[in-house]
Amino acid sequence: MRKIAILGSTGSIGTQALDVCENLGFGISVLTARRSGKLLEQQVRKFRPKVVAVIEPDCYRELKLA
């Protein structure tokens, strides 16, 4: 299985890229975002990447609690 890193996964291009990867059966190894913690949390739960990175400290704390 191919593994892909999606940078900016919560933006419009990132969400479309995740849809394409899901349709093609690619695994997701890395997700990154600037903010949008709730959407990033949903993506993490769905795709189970090994690495998740977020820029905004408040979003980081929110994700860590989730």
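This is a predicted model: local features need pLDDT of at least 70, side-chain atom pairs count only at pLDDT 80 or more; totals for chains, interfaces and linings use all residues.
Residues are numbered from 1 along each chain as its sequence is written, and side-chain values use heavy atoms, with hydrogens and water left out.

The lining of the largest pocket comprises seven nonpolar, no polar and three charged residues (nonpolar: Ala, Val, Leu, Ile, Met, Phe, Trp, Tyr, Cys and Pro; charged: Asp, Glu, Lys and Arg; polar: the others, Gly among them). It is formed by Glu41, Val44, Arg45, Val52, Ala53, Val54, Tyr60, Leu63, Lys64 and Ala66. A pocket is an open set of points on a 1 Å grid over the protein atoms alone, where a 1.4 Å probe fits, with protein on both sides within 12 Å along at least five of seven lines; lining residues have an atom within 4 Å of a point.

Helices α2 and α3 pack at an angle of about 40°, their axes lying 9 Å apart (axes are lines fitted to C-alpha atoms, for helices over the stretch in contact, and angles run from 0 to 180 degrees between N-to-C directions). This angle makes α2 oblique to α3 (under 35 degrees is roughly parallel, over 145 roughly antiparallel, 65 to 115 roughly perpendicular, and the rest oblique). Gly37, Lys38, Leu40 and Glu41 of α2 and Cys59, Glu62 and Leu63 of α3 make the contact (heavy atoms within 4.5 Å).

Notes:
Helices (H or I, at least four residues) and strands (E, at least two) are DSSP runs, numbered from the N terminus.
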